[in-house]
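Please look through the structure shown here before reading the briefing. The notes are grouped by topic and can be followed alongside the picture.

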2 protein chains.
Amino acid sequence: METESVNQEKKSSLSPRLWEWLKTFSESLMAKVLEFGRKIKKTGQDDPRRVIHSLKVGFALTLVSLFYYFQPLYESFGVSAMWAVMTVVVVFEFSVGATLGKGLNRGLATLLAGALGVGAHHLASLSGNTGEPILLGLFVFLQATTSTFIRFFPKIKARYDYGLLIFILTFSLISVSGFRDDEILKLAQKRLSTIILGASACMVITIFVCPVWAGEDLHNLIANNLEKLGNFLEAFEAEYFKASKDGDSIDNNSFLEGYRSVLNSKASEESLANFARWEPGHGRFQFRHPWKQYLKIGTLSRQCAYRIEALNGHLNADAQVSPEILSIIQEACRKMCLESSKALKELALAVKTMTKPSVADTHIANSKAATKNLKSLLQSSLWEEADLLAVIPAATVASLLIDVVDCAENIADSVNELASVANFKSVDSTVSPEKSKLQQSDTADLDPKTDSPHVVITVCESTLALTENGIVHPVSLPGQHNQV
Amino acid sequence: METESVNQEKKSSLSPRLWEWLKTFSESLMAKVLEFGRKIKKTGQDDPRRVIHSLKVGFALTLVSLFYYFQPLYESFGVSAMWAVMTVVVVFEFSVGATLGKGLNRGLATLLAGALGVGAHHLASLSGNTGEPILLGLFVFLQATTSTFIRFFPKIKARYDYGLLIFILTFSLISVSGFRDDEILKLAQKRLSTIILGASACMVITIFVCPVWAGEDLHNLIANNLEKLGNFLEAFEAEYFKASKDGDSIDNNSFLEGYRSVLNSKASEESLANFARWEPGHGRFQFRHPWKQYLKIGTLSRQCAYRIEALNGHLNADAQVSPEILSIIQEACRKMCLESSKALKELALAVKTMTKPSVADTHIANSKAATKNLKSLLQSSLWEEADLLAVIPAATVASLLIDVVDCAENIADSVNELASVANFKSVDSTVSPEKSKLQQSDTADLDPKTDSPHVVITVCESTLALTENGIVHPVSLPGQHNQV
């Protein structure tokens with residue numbers, strides 16, 4: 001009786017503690033569940049195609065599982081039907097290109113390794129009971145070593161890495177398991193047919209049910225990166241010059257931060273280009289779309305982004321630039337910013353809509369003209385009494401902007417190259433590329449020594465507008481700018 | 001007879017052509033084979049560990065193939081022994097961390113999915129002949145969809161992507177194949193044990209035969225990147241200032257190009273850090289070595305590299321800088337270059353040897369002092385008659401160098417943090433970190449308005465040397481510099 005009451009006491013003293021512990025535990029659990037739910041929602045909202053992809057994988061896997069379910073199918077394939085399930089799980093990737101690449105790699109590698117495995121098995125069986133295992137072991141060792149080494153070659157790694165993995169796997173399985181199983185040919189044939197079956201299921205579903213094209217993703221990534229650079233320059237102009245003029249800074253943060261993702265886009269661009277090469281023609285893209293040219297534009301975009309990173313440092317630096325100095329170079333620098341921003345955005349739009357960039361060259365020419373203007377300003381005598389330490393930040397910004405304009409020009413050239421290689425359609429018949437090139441050389445030949453910051457650009461046959469500064473420049477075609 | 005002679009004529013007219021074709025074919029084939037041989041040699045020479053890795057894979061695979069060979073082993077495992085071969089092929093990666101990560105992922109995922117699969121199978125079998133396949137299909141669909149979606153979470157993708165893949169695979173195979181096979185538990189147990197067997201073979205071989213540690217690779221990558229930045233600054237000083245002074249340019253190209261690989265090192269750093277987390281303590285690294293701090297240093301190195309990319313542009317630009325202007329800022333700029341170069345190299349060496357950086361802070365302080373010096377120079381009256389356009393390139397270089405010095409300071413802070421978190425040993429008892437901090441604040445408090453470019457730095461208790469400029473700075477400790 002005594003022990004019972006002691007036990008009860010213990011229980012009553014324990015239970016509040018237990019309750020408390022349970023309460024805090026359940027609360028933290030709830031918080032974690034809610035946090036996880038929020039993460040799920042965010043992951044899905046960031047890219048709704050992820051949800052669809054998950055459903056597609058579930059569907060494909062359930063479909064292939066039918067092989068086990070329907071008696072007649074099961075009887076013809078037997079345990080080998082397992083390979084179909086396996087193939088679906090490993091081959092089904094997010095984009096069509098990745099899935100096709102893996103599927104083709106797997107199919108071809110299985111075929112080749114199967115044939116070689118059968119051959120190796122036959123060769124080994126000729127050498128008698130003692131020699132057979134030694135020879136088989138030697139074959140496995142040699143092919144595994146060679147294939148593993150070949151996987152280190154960068155070009156092969158990019159496209160055929162998975163194929164080589166499957167080659168090693170199949171060769172080892174076939175040649176070694178053949179040592180036990182005399183039905184080796186039947187096994188190889190069964191394995192191949194189930195793999196083809198699984199891979200085809202993946203390919204059909206990935207191509208025909210809400211396809212995610214790696215090529216299109218690369219295309220959009222490149223266009224968006226160009227747009228981000230353009231957005232930065234526009235926001236930089238607003239922030240750097242307006243802020244130092246009247247202290248009124250607009251919230252441009254998202255535009256000012258956007259370029260950061262461009263800095264590290266190399267890896268994703270390269271993998272997308274690798275996947276895109278496997279994809280058949282789709283939508284606006286033909287089978288042999290010049291994906292390599294996209295990588296070239298990507299590299300130039302990154303070079304531009306490096307300059308922009310240096311520019312961005314000057315936004316956050318302690319404002320040491322005196323308004324007087326700024327007011328002198330302001331006009332030309334703002335024009336450089338805005339014109340190259342317009343050019344980059346126009347190029348982004350051109351890539352997005354797959355049309356020949358029509359007015360980008362004009363904007364580039366304008367920014368080049370502004371550059372010359374700036375240089376002539378800097379040579380003028382306005383500076384003599386200026387304190388050099390106060391000039392340096394402004395001079396650096398100016399110099400970086402000159403670099404950015406150069407980068408933008410290179411990007412424009414490379415987009416024009418893409419437009420001609422990929423046969424982008426031209427939308428604007430009034431300004432043909434030849435004419436806009438003429439305009440460029442016209443403006444480029446302007447006297448760089450002129451002291452006036454006003455540059456007059458003659459744009460043949462296109463709408464002109466007179467700005468408050470007396471600068472004539474082409475009006476953006478409706479629907480081409482600021483809607484990118 | 002006539003037809004025969006015609007045939008012979010045809011043969012004689014064909015055979016030269018055929019011979020020629022065969023000749024050119026065999027020649028181009030030989031050229032390709034030679035080219036391929038050269039590639040193989042280069043791939044092996046670039047990193048000899050690749051050859052060893054290939055041999056290790058071959059060895060592991062041959063070892064596991066013995067399961068098929070030895071009758072007793074084969075009889076206990078049967079066809080399941082195949083899973084061991086498969087595991088070796090898929091799990092054996094280049095570095096220990098990647099192999100351990102994949103092996104543990106595969107083992108744990110198989111265990112978990114096996115248990116759930118058996119559970120699902122049991123639950124489905126309770127619902128009768130009609131309900132069973134429907135329920136199984138539903139289970140497969142649900143888990144495949146959920147797991148595929150979870151693979152999109154960045155953190156999970158980085159560490160458990162392969163585990164989730166294997167989870168989907170095993171769950172589907174077990175629950176569906178169980179539908180046919182009543183020996184489901186036996187199957188699950190056999191599969192698990194062969195996988196554990198294959199994975200252990202991989203792990204033992206990867207750890208004990210010439211191990212390649214991802215952590216060590218990350219460690220070296222970070223140190224080498226710092227060294228590359230330091231090398232660039234040294235070469236830049238030689239190239240930019242000497243070249244413009246006496247036109248004598250040394251072949252520093254490899255030093256000047258080295259930094260480029262730093263720009264795009266993010267992806268490899270992150271994957272190495274992910275692998276390193278799986279690795280047990282090895283050599284100088286403990287199990288929970290602060291790999292994340294390496295990523296922080298890597299990010300700062302890249303930021304420094306972006307500035308250097310902008311600097312590099314000025315090396316190749318048309319030399320517009322007049323020697324007079326250059327001669328004024330030269331002294332301070334060269335000091336900034338050399339001192340931050342020394343600091344970066346000292347930091348690289350400190351990381352490499354895992355010792356506390358002893359004199360890096362002094363170098364940083366020196367370069368900060370040179371920066372102040374430069375600023376005061378720029379405020380002086382030497383400039384009034386200078387043409388601003390001629391000043392701009394020099395001013396930009398100066399401004400970028402100021403940024404680089406800031407970056408180097410951040411890197412030094414972050415390496416110091418690493419040194420204290422990872423308990424780097426201190427080699428130099430005469431200059432303790434506290435003292436070098438004191439020195440730093442001493443020099444940092446120097447009057448920035450001083451006109452003299454000569455900065456006197458008091459280094460307590462360490463060897464001092466008097467340079468030709470009358471600048472006192474600490475002598476590099478023997479074996480610490482230029483040997484990195």
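What follows is a briefing on a predicted model, moving from a single chain to the way the two copies meet. In chain A, the secondary structure comes to 17 helices and two strands, and 51% of its 484 residues count as buried. Chain A can be laid on chain B with an RMSD of 0.0 Å.

**Chain A as a whole**

- The accessible surface of chain A comes to about 22800 Å², and carbon and sulfur atoms account for 60% of that surface.

**How the two copies are arranged**

**The interface between chain A and chain B**

- On the side of chain A, 73 residues are in contact with 72 residues of chain B.
- Because 99% of the interface residues of chain A are also interface residues in chain B, the copies meet through the same surface.
- The size of an interface is often given as the accessible area lost when the parts come together. Between chain A and chain B the buried area is about 7000 Å², of which 75% is given by carbon and sulfur atoms.
- Two salt bridges are counted between the chains; B:E309 forms a salt bridge with A:R307, and the closest N and O atoms are 3.3 Å apart.

**Salt bridges and what they join**

- Side chains of opposite charge can pair when their charged atoms come close, and over all chains the structure holds 40 salt bridges.
- A:E309 and A:R260 meet in a salt bridge at 3.8 Å, N to O. Since A:E309 lies in helix 13 (residues 291-316) and A:R260 in helix 11 (residues 260-263) of chain A, the pair ties together parts that are 49 residues apart in sequence.
- In this pair, A:E309 is buried, with a relative accessible area of 5%, whereas A:R260 is partly exposed, with a value of 34%.
- A network of salt bridges links A:E257, A:R260 and A:E309 with B:R307 and B:D403.
- The side chains of A:K296 and A:E417 also meet in a salt bridge (3.4 Å, N to O). This pair ties together parts that are 121 residues apart in sequence, because A:K296 lies in helix 13 and A:E417 in helix 16 (residues 388-421) of chain A.
- In chain B, B:K42 forms a salt bridge with B:D46, with the closest N and O atoms 2.9 Å apart. These two residues are four apart in helix 1 (residues 2-46) of chain B, so they are separated by about one helical turn, and both B:K42 and B:D46 are exposed.

**A nonpolar patch on the surface**

- A:L18, A:W19, A:W21, A:L22, A:F25, A:L29 and A:V33 make a nonpolar surface patch of about 780 Å².
- Of these residues, A:L18 lies in helix 1 (residues 2-46) of chain A and is exposed, with a relative accessible area of 52%.

**Backbone angles in two loops**

- Although A:M354 is not a glycine, it has a positive phi of about 55 degrees. A:M354 is found in the loop between helix 14 (323-353) and helix 15 (360-379) of chain A, and it counts as buried at 7% relative accessibility.
- B:C210, also not a glycine, has a positive phi of about 40 degrees. B:C210 sits in the loop between helix 8 (184-208) and helix 9 (214-246) of chain B, and at 44% relative accessibility it counts as partly exposed.

Technical notes
Residues are numbered from 1 along each chain as its sequence is written. Chains are lettered from A and ligands numbered from 1 in the order in which they are written. This is a predicted model: local features need pLDDT of at least 70, side-chain atom pairs count only at pLDDT 80 or more; totals for chains, interfaces and linings use all residues. Side-chain values use heavy atoms; hydrogens and water are left out. Patches are made of residues with over 30% relative accessible area and no salt bridge: like charges are joined within 9 Å, nonpolar side chains (Val, Leu, Ile, Met, Phe, Trp, Tyr) within 5 Å. Accessible areas come from the Shrake-Rupley method with a 1.4 Å probe; for residues, only the protein chains shown count as cover. A salt bridge is a side-chain nitrogen of Lys or Arg within 4 Å of a carboxyl oxygen of Asp or Glu. Buried means under 20% relative accessible area, exposed over 50%, partly exposed in between (1.4 Å probe, protein chains only). Copies are superposed by least squares on the C-alpha atoms of residues with pLDDT of at least 70 in both. Contact means heavy atoms within 4.5 Å. Buried area is the accessible area (1.4 Å probe) that two parts lose on being put together, summed over both.
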